[in-house]
Amino acid sequence: MVNPDKGRGGLYVELSLTGAERARLRELAPGPVWFAEPGTMSRSDARALAEADTALGNPRADRVANAPRLKWLQLASVGIDDYLGLDWPVLGRRLTVTNLGDVFADPVAQSCLAGILALHRGIDLLSGLRAEGSWAKSAVRPRLRLLTGARVLVLGRGSIARRFAELLSPFGCPVTHFARGSGDIRTLAELDERLPGFDVVVGLLPGTPETSGLLDARRLALLRPGAVLVNAGRGSLVDEEALVSGLTSGRLGGAVLDVTGEEPLPIGNPLWTCPGVVLTQHTAGGSTDESARVVDLFADNWRRFHTGSPLCNPVQWSRGF
């Protein structure tokens, strides 16, 4: 599948990078390197992609499908949702796609933990009171909760899920994983039976037809009173209308949402003002060295590509991730 012939068509890059990172890619690639502004795709960009045999970033799916020389695309994301509609039984004969795999494991896991602690320790509420200039110590202090010993269900068993479980270790939290075929909970029937037993439920699943709407109104109603929901996988996992209802009524203890069904979240969406919501706006994977780590992974895969070695994090289109 992968051709080790060194990139006569050159490298197409659609990613925000520093000058040093761009220089590193120019040194890496023996042919021409084209840098495009992410999300714009001008006619010149489209021509450059059509002539490239390797690419880094997330170019438009239709342009990828119409890039006849492209042999390998390294996505600058874990998610592959924008490309699922392409004809991969045909396109996959000439094009290998890799994603970022575990590059975001630490930052996403830390953001999940930070959001949970913010809810349990009242940081989100206190930040709002500070903005209002309101002192409410006596009202807030009795409401603060401890994460210590909380029973946690993680939906997923990938690299982020495993790292998140590691971060919970000092808090003495029993962690259970739901994952078809490899989790502590493997079936939907068992998931329904055990959902009421958890204090925190964390969604870290990929976006597939099987995971879409998994936490629907019926399953959200199974969560125990005061439970906290975290979603850092895909917005399609959760019935947001039912979630807002559970939070507004006070039955649920809060939600940490890095992803939502529609992004950017529209003005007027109730999640902007719903009580008990920590909304991190799909930033959980971010860090000051994010682009450097992406380039590191690409450089490693570049060497593999040109020596005929197996690439890291190949996308399995038949499984949807």
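The model is a predicted one, in which local features need pLDDT of at least 70 and side-chain atom pairs count only at pLDDT 80 or more, while totals for chains, interfaces and linings use all residues. Residues are numbered from 1 along each chain as its sequence is written, and side-chain values use heavy atoms, with hydrogens and water left out.

Let's begin with charge pairs. The structure holds 13 salt bridges, where a salt bridge is a side-chain nitrogen of Lys or Arg within 4 Å of a carboxyl oxygen of Asp or Glu. One of them joins Arg234 to Asp81, with the closest N and O atoms 3.1 Å apart. This pair links distant parts of the chain, 153 residues apart: Arg234 sits in the loop between β9 (228-231) and α11 (240-248), and Asp81 in the loop between β4 (72-74) and α4 (88-91). Helices here are DSSP runs of H or I with at least four residues, strands are runs of E with at least two, and both are numbered from the N terminus. Is Arg234 buried or exposed? Its relative accessibility is 19%, so Arg234 counts as buried; the cut-offs are under 20% relative accessible area for buried, over 50% for exposed and partly exposed in between, with a 1.4 Å probe and protein chains only. Asp81, at 36%, is partly exposed.

A second pair to look at is Arg163 with Asp106, whose closest N and O atoms are 2.6 Å apart. Because Arg163 lies in helix α8 (residues 159-168) and Asp106 in helix α5 (residues 105-120), the pair ties together parts that are 57 residues apart in sequence. Arg163 is partly exposed at 26% relative accessibility, and Asp106 is partly exposed at 35%.

Then there is Arg224, which forms a salt bridge with Asp199 at 3.7 Å between the closest N and O atoms. Here the linked parts are 25 residues apart: Arg224 is in the loop between α10 (217-222) and β9, and Asp199 in the loop between α9 (188-194) and β8 (200-203). Arg224 has a relative accessibility of 26% and counts as partly exposed, as does Asp199 with a relative accessible area of 21%. Returning to Arg163, salt bridges that share partners join Asp106, Arg163 and Glu166 into one network.

Next, follow the chain into α11. Asp239 caps the N-terminal end of this helix, with a side-chain oxygen 3.2 Å from the backbone nitrogen of Glu241. That is a polar contact, meaning a pair of N or O atoms within 3.5 Å; within protein, one must be able to donate a hydrogen and the other to accept it, and residues adjacent in sequence count only if both atoms are side-chain atoms. Within α11, Glu240, Ala242, Leu243, Val244, Gly246 and Leu247 are buried. The elements covering them include α10, β9, β10 (254-257) and β11 (277-279). Just after α11, Gly250 takes a positive phi of about 90°.

Now for the side chain of Asn99, in the loop between β5 (96-98) and α5. Asn99 is buried, with a relative accessible area of 8%. A polar atom of its side chain lies 3.1 Å from the backbone nitrogen of Gly101. Leaving aside neighbours within four places in sequence, Asn99 is in contact (heavy atoms within 4.5 Å) with Gln74, Leu75, Ser77, Val78, Leu297, Asn313 and Val315.

One of those partners, Asn313, has its own backbone feature: its phi is near 60°, a positive value in a residue other than glycine. Asn313 is found in the segment after α12 (290-307), and is partly exposed at 24%. His282 also has a positive phi, near 55°; this residue lies in the loop between β11 and α12 and is partly exposed at 44%. In the loop between β10 and β11 you will find Pro264, where the peptide bond from Glu263 is cis, with omega near -5°.
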